[in-house]
Amino acid sequence: MTYHSYCERMVLTAAVMSTFYCTNRTPLHEVEGVANMAKKKLFMIVFSIVILTAAVSAVYAAQAELKTPVGVWVSKPGNIVVTCHGTNSIVIMTRNGELKTEFGSDRLVNPTGVTMDAKGRILTANSGKGEIAIYEPSGKFITACTGLNNPQAVAASTDGLIYAADTGGNRIAVFDTNGTLKFTIEQVNVDGKTSKIAAPHGVFITGKTLVISDTGNKRVLIMQCPTTQSDAYKASAVAVHNMDPRSIAMGKNGVIYVVDRGYVRGYTKEGKQVGAYRAITTLWFDPGCLTLDNEGNILVADKTSWRIFVADSKLSEFKPNLKLDPNDPTTAVIEWTSRLPVPTILRWGTDETCPNTIKDDKPKTKHKVTLTGLKQSTRYYYHVYAPIEVIPPTCRKRSDLALIVQNKNWNVMADGYTSEYAFATLPEKGKTDWALAPTVVVLYKHVTFPPGADGKKPEDRILDDDDVAMAKSEMETYRVWAWRHSHCKINFDWTWVIVDEPRPSDQLGDLTETVFNDIKKGVEAQGRDLHEYWYVTVLGVHGWYANYLAGKVHEPDYELGSCYTGFGHGQKPGWWWFPTHEHGHLVHSWLMCSGVPNFAYPDAPWTLPGKFGENFSFLA
């Protein structure tokens, strides 16, 4: 029974009880007097109010509250089992988010991965106590598999063995059903080479197959589920560049689902990525553990919004699609698909409170809203309702965030909406409404580095003509992207300055004399004046960062927004990505500072690769 039907039943009970006291009261001619009748009526009213209040309170109390959820599992009846760091407990709730029970706070310390065995018992990696804690579904503690070091995950086989990812012990520890250690998996043989497991963060069993996140070795291991001790277990490996596998599962389709660098990613056994999910309509997403339901959907705990997100086996993202007609700039069409049938609701307006609402109560998965009578050359904001499945459907609101963040994203998301999207209508026909942004792009082809602490001089970083061509191509891609996503309102005009002479890295830092002189000399050689420019982007230096219109570059006569982008000693692969990223920081800051309301950069989230990940709004 969902909490909605529960509410209806409680209200019906209140109505029945009220009717009972109305229709079964003592006839007036048999009471002692009018005073007694008044008392009966008062009692009837008070009783009804108490019942109705209890019904409403029960509804709100029925929704589970997850405080920093980390581990997640789906029981055979379809209930959701969640471990929570914030309460050091295990929460069991329905698929609708209705609380069934909560327990474990008297023993658990930072519980992480969770599973259920063939007996229906709940097993959780109680990382703070170095054990696997085993409970009855009722919450009664049974026993523990001890002797572990910061375990992060646990899996159970159909024959009663328990496989613990002993993260700090660099092994998989295997226990019997009573919690007695039977053997350990510490080494594997992959393609004839033996290697040790390092800091495993995930373990999962499907049928007779064991899947391990060998996190310290940046790979996933796949093997037949072992039942006895061996010096080295034969396994295959999935290793992707910069992989950081954490919680893991394998679907019936053979796809390996893993929490990897802030995403839920899907890989084939050959290492091909087949999907990536990060709940892009929410902005905030910090995945903990994941699991699969009986239909192959992926459930992942979000440690930021304190909910469970559900994705399909293809890791599909559901986001609104905006259509603008150049022939009718006063109309916008917004379409989106939701994972489940829900009402069509769109909040929108010319300010970020989005005071207008369009609603169709009929549940559906395909949604379409047409906005008409829009003002031209005007920025609009909108949120759509429930394109993704989350459990519980709402989450806590937060008063600790800035008010603008609450209005734009968090508190609307807490009510089941997406975070903020924005667009700008086109200007009147025959008129232009855009800005040219002259920008100097300085590229250092040869950078030298001083000796390190060991006295050895690092390799010089030298860019060739192909690197220069790649940089220009990437910056042009960024220019086109900015033009299109601002709805033809901002156009970057690059002036390239290529510096061939070697430059010491310590002279290429923030706002240095060397950089300024190279910029000034380079633009004057092309018959330009530095006063014409708004920004400077410096490519090829060590490190990457942006100065958000930080101040004077040189003398009172010049003030330019600047950003510096580059890479480590001797490195080149992938470096050209950083200029677009850091320049994006700079430009988005300028757009915010400008106060111009009709630039249409959307609040599209993005994430840097690897451990340098950033998750932010473009206009944050």
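Reader: Are Tyr380 and Phe423 buried or exposed?

Author: This is a predicted model, in which local features need pLDDT of at least 70, side-chain atom pairs count only at pLDDT 80 or more, and totals for chains, interfaces and linings use all residues. Residues are numbered from 1 along each chain as its sequence is written, and side-chain values use heavy atoms, with hydrogens and water left out. Buried means under 20% relative accessible area, exposed over 50%, and partly exposed in between (1.4 Å probe, protein chains only). Both Tyr380 and Phe423 are buried.

Reader: How is a pair of aromatic rings described?

Author: One gives the distance of the centres and the angle of the planes. Rings of Phe, Tyr and Trp (its six-membered ring) pair if their centres lie within 6.5 Å; planes under 30 degrees apart count as stacked, over 60 as edge-to-face and the rest as tilted. This structure holds 10 such pairs. In one of them, the centres of Tyr135 and Phe141 are 5.5 Å apart and the planes lie at 70°, so the pair is edge-to-face. Tyr135 is buried, at 1% relative accessibility, whereas Phe141 is partly exposed at 31%. Tyr380 and Phe423 are stacked, with 5.6 Å from centre to centre and 20° between the planes.

Reader: Which residues do ring pairs link into a cluster?

Author: The cluster consists of Trp348, Tyr380, Tyr382, Tyr421 and Phe423.

Reader: Where does the charged end of Arg347 sit?

Author: A charge sits over a ring if NZ of Lys or CZ of Arg is within 6 Å of the ring centre and within 35 degrees of the ring normal. Arg347 has its charged end over the ring of Tyr417, 5.5 Å from the centre.
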